[in-house]
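Subject: Structure handover and findings

Dear colleague,

Please find below the structure that I am handing over to you. I would be grateful if you would read the notes with the model open beside them.

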Amino acid sequence: MTRRVAVTGIGVVAPGGIGVPAFWDLLSNGRTATRGITLFDPEGLRSRIAAECDFDPLAHGLEPELVERADRYIQFAMVAAAEAIADGGVDFGSEDPWRVAVSLGSAVGGTTRLEHDYVLVSERGQRWDVDHRTAEPQLHLAFSPSTLASVVAERFGAQGPVQTVSTGCTSGLDAVGYGSHTIEEGRADICIAGASDSPISPITMACFDAIKATSPNNDDPAHASRPFDAHRDGFVMGEGAAVLVLEELEHARARGAHVYCEIGGYATFGNSYHMTGLTSEGLEMARAIDTTLDHARVDPTDIDYVNAHGSGTRQNDRHETAAVKRSLGAHAYDTPMSSIKSMVGHSLGAIGAIEVVACVLALARQVVPPTANYETPDPECDLDYVPRTARPRRLDNVLSVGSGFGGFQSAVLLTGPGGRKR
Amino acid sequence: MSGQRTRHTAITGIGVVAPNGLRTDTYWKSVKEGLNVLDRITREGCGHLPLRVAGEVRGFDPSALIEDTFLVQTDRFTHFALAAADAALEDAGLSGIAADAPYSVGVVTAAGSGGGEFGQRELQKLWGQGARFVGPYQSIAWFYAASTGQISIRRGFKGPCGVVASDEAGGLDAVAHAARAVRRGTDVVVVGAAEAPLAPYSMVCQLGYPELSTVEDPSCAYRPFTSAACGFVPAEGGAVLVVEDADRAHRRGGVVRATVAGHAATFTGASRWDRSREGLAHAIRAALDEAGCAPEEIDVVFADALGSPEADRAEALALADALGPHGTRVPVTAPKAGIGRSYCGAPLLDIAAAVLAMEHGQIPPTPGVFDVCHEIDLVTSTARPAELRTALVLSRGLMGSNAALVLRRGPGTAA
């Protein structure tokens, strides 16, 4: 008997507005949330723009004690998880806690707090033999990203498998994928799955500066994230979190939960090519797509929308255009493919989960979110990137893909009520 | 791909980089003899910190093992992982694998802390000199996925690649993740964890762990299951395994050294060691269930052995809860008392020790422990000869995870 995985709740903390309604309002209207960095003084950096969350943790119900103890990325995850669980109507008091799992992703974890305290203990980079006496008492919680899943599990009383996933920029897709496998394989009935990152900090901005991966378009931040456009010049850093309640389908039906859609399939492969580079052929991402469709028993021609990684670097946009063509064949030209990074930036490990939530909403509303700022076609990227304006469309099967440093190539397929091929 | 037949996951290769041995054979010799290598920390810039004792990997020369192109862009934790992966693949007789079937080989690592030493160097450049002094490799050396990515690239593996960035128990979860990948159809997965948490700033980050031992005498800094238990000692290093579909291993003439028979993980809250009793017992029962293994079949337990009184008591009671009367009779050991805990690397080293113990018919002792104050049969002083068919490996993490893994001795091993 195959166990099927339903999505029964969603929550999101994204630039441009906290919560699902604000998020969808931004996406469906094609607005951008990219701006000059305000979280720290970016003087001296090549890229001084980002998509920041206007986030007041206390206003979103987090206790002052938690705000003091937990990094910003954990606060994001807590708020997104609370929204998803309320949305899903899950009552943990009536669930078997050993059957509740957590699978959360983060690419850089607590590096913002790590950097903050580093500055204190090193006297602003003056000493290697750092002075421990000036460190904050909660610093150890930033040391390992496992804190993320741990804090969320503790809050909601999950006692099943609790995992933090860190596969760079595919962390969010992989955390959803691992969570989906956890339910499929019978190791849990409910999984709180998603991802969070708050990477807008000097060290993370500087390390992407060093490889010129981020956009230097500091004069026009609102139009700086331009995936697939001929004039793109790198990605715009973002931050945020998204959480989904994944649930075994019969379990969801038994408690009368609203089922948004199902996780039809997931796969990931390594490209074994370069830690930051991508080939122009997209073979490995195509393999991830093919395997995902195979797992879901869905034909390439059944795909109605591709949510692209679409980071806005030249190599990515070409790589993934090639991969989607390879997997979907001629159908690729009839399939809208958009990048919400044009609006909410690239929040590293979090974005994969944010994009999955965007896909859930696209299925629910039967609307394809656009690629904002797309104006000038690049001859090497010749698919339908849904320029600037959201588009109503019949959607049954939606694919989300991602690429990450380390060579990771992942794909997740969501199937709506009409999308099942059995 | 396998069709419908059940695929069993075999361990066919082991590679170790540990404080008590830079190769698997030297590691086993030290473990079997119960050598305690815990010592004063000698790494640069650490001498003034109130954490004096650790398990350092000494004499490891990465430049003799790894090409310069990989060395310059990686932290010490990835150097360990690359070296251990090479050793594991050689041990499995698969040094040349992947050339013709790259998608059939995956890579999974667990990472608790990433490339701390590399990260501190780059933070120093940023804050001491300025943003333009940050090097191009910071973005790929510090993050938790570095070792999986670099193993995949260096060896040409394009199969499913994953990273479990969990607390210590994540080491066992990573092996289970790899075993599931094999069951889903990947032929071979290189899986492991190695950590390098002994750079100055990384050590400062660990000082907040309430379970950390700050005892200055190496001979009594980490004494699990005794009344003198005073916390754990951190360590560097870890191990990498080659796991593969057992039938495939047989077909190619590989030696099945053990099979991964069962695994389960639970969560009971950070530093809630009283509650870890229930969580660990639950994980043990579920792992035995998956393995189709009766409690009495367990021949040896490799304990988590955190070394704090409350945690040790919870573990001893969990064994009794989950294994019944067998829980107080089954031999228990904790080689890590002589090595320290290399976070996610620690349970990998325990798996390596468990496989070697089954092969050699010897239960290694718990170094430095003589006065056990719990109702368990802890093996101390010297190795104990025993016929070992099934081993149980336990791990708990500082952030609240509990995990149990059941290993069966391989048929390809003469015992």
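The notes that follow cover the record annotations, the domains of each chain and the nonpolar core. Please bear in mind that this is a predicted model.

Record annotations

In an unreviewed entry, UniProt lists "domain: Ketosynthase family 3 (KS3)" for residues 2-416 of chain A. The C-alpha atoms at the ends of that span are 18 Å apart, and its content is 33% helix and 20% strand. For chain B, the feature "domain: Ketosynthase family 3 (KS3)", again from an unreviewed entry, is placed by UniProt at residues 6-409. Here the end C-alpha atoms lie 18 Å apart, with 34% of the span in helix and 19% in strand.

Domains of chain A

Chain A is divided into domain 1, residues 5-254, and domain 2, residues 261-415. Their C-alpha centres are 21 Å apart. In the contact, domain 1 of chain A takes part with 65 residues and domain 2 of chain A with 59 residues. Several elements give two or more residues to the domain 1 side, among them β1 (5-14), α1 (20-28), β7 (190-197) and β9 (240-248) of chain A. The largest share of that side, eight residues, belongs to α7(A). By class, the domain 1 side in chain A consists of 34 nonpolar, 24 polar and seven charged residues.

Domains of chain B

Chain B is divided into domain 1 (9-251) and domain 2 (262-409). A distance of 21 Å separates the C-alpha centres of these two domains. Contact between them involves 59 residues of domain 1 of chain B and 54 residues of domain 2 of chain B. On the domain 1 side, at least two residues each are supplied by β1 (9-17), α1 (24-33), α7 (170-183), β6 (188-195) and β7 (237-245) of chain B. Of these, α7(B) gives the most, with six residues. The domain 1 side in chain B has 33 nonpolar, 18 polar and eight charged residues.

Nonpolar core

The largest nonpolar core holds 299 residues, and the members that touch the most others are A77(A), A84(B), V190(B) and L405(B). Helix α13 of chain B (residues 345-360) provides the largest share of this core, eleven residues. Apart from neighbours within four places in sequence, A84(B) is in contact with G15(B), V16(B) and V17(B), with G192(B) and A194(B), and with G238(B), A239(B) and V240(B).

Yours sincerely

Definitions and conventions:
Residues are numbered from 1 along each chain as its sequence is written. Chains are lettered from A and ligands numbered from 1 in the order in which they are written. This is a predicted model: local features need pLDDT of at least 70, side-chain atom pairs count only at pLDDT 80 or more; totals for chains, interfaces and linings use all residues. A nonpolar core is a set of buried Ala, Val, Leu, Ile, Met, Phe, Trp, Tyr and Cys residues joined through C-beta atoms within 7 Å. A residue is buried if 20 or more other C-beta atoms lie within 10 Å of its own, exposed if 12 or fewer, and partly exposed in between; C-beta atoms are placed from the backbone. Helices (H or I, at least four residues) and strands (E, at least two) are DSSP runs, numbered from the N terminus. Two residues are in contact if their C-beta atoms, placed from the backbone, lie within 7 Å. Domain bounds come from an automatic or database domain assignment. Ala, Val, Leu, Ile, Met, Phe, Trp, Tyr, Cys and Pro count as nonpolar, Asp, Glu, Lys and Arg as charged, and the others, Gly among them, as polar. UniProt positions are given in the numbering used here, feature names are shortened, and annotations may be inferred rather than shown by experiment.
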